[in-house]
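User: I am new to this structure and would like to go through it in questions and answers. Please show it here.

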Amino acid sequence: QVQLGESGGGLVQAGDSLRLSCAASGRTFTSSAMGWFRQAPGKEREFVAAINRSGRTYYADSVKGRFTISRDNTKNMVSLEMNRLKPEDTAAYFCAASVRDYCSGYGCYASYDYNYWGQGTQVTVSS
């Protein structure tokens, strides 16, 4: 059974940093694209960041320069380093994996391109 498990969420103040981690089990995602999405109450799930199999990264404009996605293929893990957090970053953050060849090579931004999802971890940023 394939599982993705996020950790590292919490309550922080504006300007603080958090590091989210996602551990995969049940299969290896070394050749897969991995991504982070977030969903705030009353809003649709939105793309945050992605990393392809070669390590190339992609970011939403709202987080570019503040967030960094990385992967550790030896541990089958992906992380999201979040700096200079803002109240508008408050959301549930979801890890996702895509087995689509296109996404593995070029990165994908749409949630429907991802096949596996974690349960999410809450990030709350107070002002």
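Predicted model: local features only at pLDDT ≥ 70, side-chain atom pairs only at ≥ 80, totals over all residues.

User: Which radius of gyration does the protein have, and why does it agree with a compact globule?

Analyst: The radius of gyration is taken over C-alpha atoms, and the globule rule is 2.2 Å times the number of residues to the power 0.38. For 127 residues, a compact globule would come near 14 Å, so there is agreement with the protein's value of 13 Å.

User: Is Arg 66 buried or exposed?

Analyst: Arg 66 sits in the loop between strand E6 (57–59) and strand E7 (67–72). Buried means under 20% relative accessible area, exposed over 50%, and partly exposed in between (1.4 Å probe, protein chains only). Arg 66 has a relative accessible area of 6%, so Arg 66 is buried.

User: Which residue has its backbone oxygen 2.9 Å from a polar atom of the Arg 66 side chain?

Analyst: Contact means heavy atoms within 4.5 Å. Not counting residues up to four places away in sequence, Arg 66 touches residues including Glu 81, Asn 83, Arg 84 and Asp 89. The backbone oxygen at 2.9 Å from the side chain of Arg 66 belongs to Arg 84.

User: What is the relative accessible area of Gly 42?

Analyst: Gly 42 is placed in the loop between strand E4 (33–39) and strand E5 (46–51). Its C-alpha atom is separated by 33 Å from that of Gly 55, 13 residues apart along the chain. Gly 42 is exposed because its relative accessible area is 90%.

User: Which backbone nitrogen does the side chain of Thr 121 reach at 3.2 Å?

Analyst: Thr 121 is part of strand E11 (residues 121–126) and counts as buried, at 10% relative accessibility. Not counting residues up to four places away in sequence, Thr 121 touches Glu 6, Ser 7, Gly 8, Gly 9, Leu 20, Ala 91, Ala 92 and Tyr 93. The backbone nitrogen reached at 3.2 Å is that of Gly 9.

Conventions:
Residues numbered from 1 in each chain as written. Heavy atoms only, no water. Helix = DSSP H or I, 4+ residues; strand = E, 2+ residues; numbered from the N terminus. Polar contact = N/O pair within 3.5 Å; in protein donor to acceptor, adjacent residues only side chain to side chain.
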